[in-house]
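User: I would like a close look at a single part of this model. Please keep the answer connected and give the cut-offs.

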Amino acid sequence: MVTIKEYVVPTSLDEAYELLTSKRNNVVLGGSSFLKLGSKNIGTAIDLKDIDLDYIDEDDENILIGADVSLRKLEQDNLIKTYCGGIISCAVSNIVGVQFRNGARIGGSVFSKYGFSDLIPPLLAVGAKVKLYKRGTLDLEEFLESDYEKDILVEVILKKKKAKGIFDCIRKCTGDFPVLNGAIVCEDEKYTIVIGARPQKAVIAKKASEVLTIEKDIEKASDLVKEELSYGSNLRGSREYRSDMAKALVTRMYMSIGCDKDDK
């Protein structure tokens, strides 16, 4: 059961951060889509809807995505649909249903570091950065590996690049949480392989990525993905099943993506 003592809608990031850090049990609400999965007592629930973070913009080098952008908007936006082969749009398109995606926000999904997230693997594969109110801008990989610290995710930053990307997952039925998911991005014949829902948070399979880049040996690379990453068990699948499926998933993604220079 979740209880909320007070609900506040600040009009600036300064005000929101001051509220967040004033008491231990004050929290920033994302889309609140998974709020009922836990049980907590929230002192002040902070809603960022009046701080103008619902935008997808671009400059010469980057695509800038505000933390209040919905997953549905990510799915439909033309700029995101054409970015790295539409890897991000594809990843979010099967998350539960349209009504859910209209409510879920990119800021809540990324800041929460959900292990089952379908959004984080492609963001990690394309080398996304996150802009935080206190800590500033840092690589998503660094953020995911860091300890929890009270902060506000302001923006997700995607560097413009000519690359191909693909997201894939294994799930028991449409709309269910993934048993395993992953993403591969190929840029200038360099591969980045990411596996998530292990059920731990997504990580880059660095040894496998290097082998696939240098040797172009998918059999060896997929074996390494099985060996170099750790897997766990939960209600959706066992450690052994996830380990075996990781090899199959990487092979399937590689066969789908292609990486010929002429196709870029």
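How many cavities of 30 Å³ or more does the structure hold?

Analyst: This is a predicted model, where local features need pLDDT of at least 70, side-chain atom pairs count only at pLDDT 80 or more, and totals for chains, interfaces and linings use all residues. Residues are numbered from 1 along each chain as its sequence is written, and side-chain values use heavy atoms, with hydrogens and water left out.

The structure holds 1 cavity of 30 Å³ or more. A cavity here is a set of points, on a 1 Å grid over the protein atoms alone, where a 1.4 Å probe fits but cannot get out. The largest cavity has a volume of about 30 Å³. That volume is the space filled by probe spheres set on the points, which are joined across faces, edges and corners.

Now the lining, meaning residues with an atom within 4 Å of a point. Phe111, Lys113, Leu132, Arg135 and Phe143 belong to the lining of the largest cavity. Ser146, Asp147, Tyr148, Glu149 and Asp151 also line the largest cavity. By class, the lining has 5 charged, 4 nonpolar and 1 polar residues. Asp, Glu, Lys and Arg count as charged; Ala, Val, Leu, Ile, Met, Phe, Trp, Tyr, Cys and Pro as nonpolar; the others, Gly among them, as polar.

Technical notes: On a 1 Å grid over the protein atoms alone, a cavity is a set of points where a 1.4 Å probe fits but cannot get out, and a pocket is an open set with protein on both sides within 12 Å along at least five of seven lines; lining residues have an atom within 4 Å of a point.
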